[in-house]
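Subject: A structure for you to look at

Hello,

I am passing a structure on to you, with some notes on what turned up in it. Please open it first and then read on.

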Amino acid sequence: MKNRERNQSLKASLVVFGGLLFGWMAIEMAFKPLLDKVRGAISKSDPSRDPDDDDGGDGASASAADPSSSSPPPPPPPSD
């Protein structure tokens, strides 16, 4: 009798797992364009930059605040 209950619970858990897998795949396929756009934006984002620190939103303050992104100043011209 216990073996039969165990088989039924195993079948039920497989059905639930299969339903969850099918639902996840259906959502992935239905929202694929939106998910691709979001995943692309996440991969392009810079985790070290805080958007709340931007003053004007033009990006100039972010590049001025990050010394690693700017190149060193050119050397002075030779004096005669």
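A word on the annotation before using it: UniProt positions are given in the numbering used here, feature names are shortened, and annotations may be inferred rather than shown by experiment. With that in mind, the unreviewed UniProt entry places a "transmembrane region" at residues 12-31.

Please note that this is a predicted model, where local features need pLDDT of at least 70 and side-chain atom pairs count only at pLDDT 80 or more, while totals for chains, interfaces and linings use all residues. Residues are numbered from 1 along each chain as its sequence is written, and side-chain values use heavy atoms, with hydrogens and water left out.

Now the confidence. The protein chain has an average pLDDT (the predictor's confidence in each residue, from 0 to 100) of 81, and 79% of the residues score at least 70. Helix α1 has the highest confidence, at 95, whereas helix α3 (residues 60-65) has the lowest, at a mean of 52.

As for the fold, the protein chain has three helices and zero strands, in the order α-α-α along the sequence. Helices (H or I, at least four residues) and strands (E, at least two) are DSSP runs, numbered from the N terminus. Residues 12-31, the stretch from the UniProt record, are 95% helix and 0% strand, with 29 Å between the end C-alpha atoms.

How much of the protein chain is buried? Of its 80 residues, 0% are buried, where buried means under 20% relative accessible area, exposed over 50%, and partly exposed in between (1.4 Å probe, protein chains only). The chain has an accessible surface of about 7700 Å², and carbon and sulfur atoms account for 64% of that. Such areas come from the Shrake-Rupley method with a 1.4 Å probe; for residues, only the protein chains shown count as cover.

Ile27, Phe31, Leu34, Val38 and Ile42 make a nonpolar surface patch of about 480 Å². Patches are made of residues with over 30% relative accessible area and no salt bridge; like charges are joined within 9 Å, and nonpolar side chains (Val, Leu, Ile, Met, Phe, Trp, Tyr) within 5 Å. Helix α2 (residues 32-44) gives the largest share of this patch, three residues. Ile27 belongs to helix α1 (residues 2-30) and is partly exposed, at 46% relative accessible area.

Finally, the whole structure holds two salt bridges, each a side-chain nitrogen of Lys or Arg within 4 Å of a carboxyl oxygen of Asp or Glu. One joins Arg39 and Glu28 at 3.0 Å, N to O. Arg39 lies in helix α2 and Glu28 in helix α1, so this pair ties together parts that are 11 residues apart in sequence. Arg39 is partly exposed at 43%, and Glu28 is partly exposed at 21%.

In the other, Asp36 pairs with Lys32, with 3.6 Å between the closest N and O atoms. Both lie in helix α2, four residues apart, about one turn of the helix.

Best wishes
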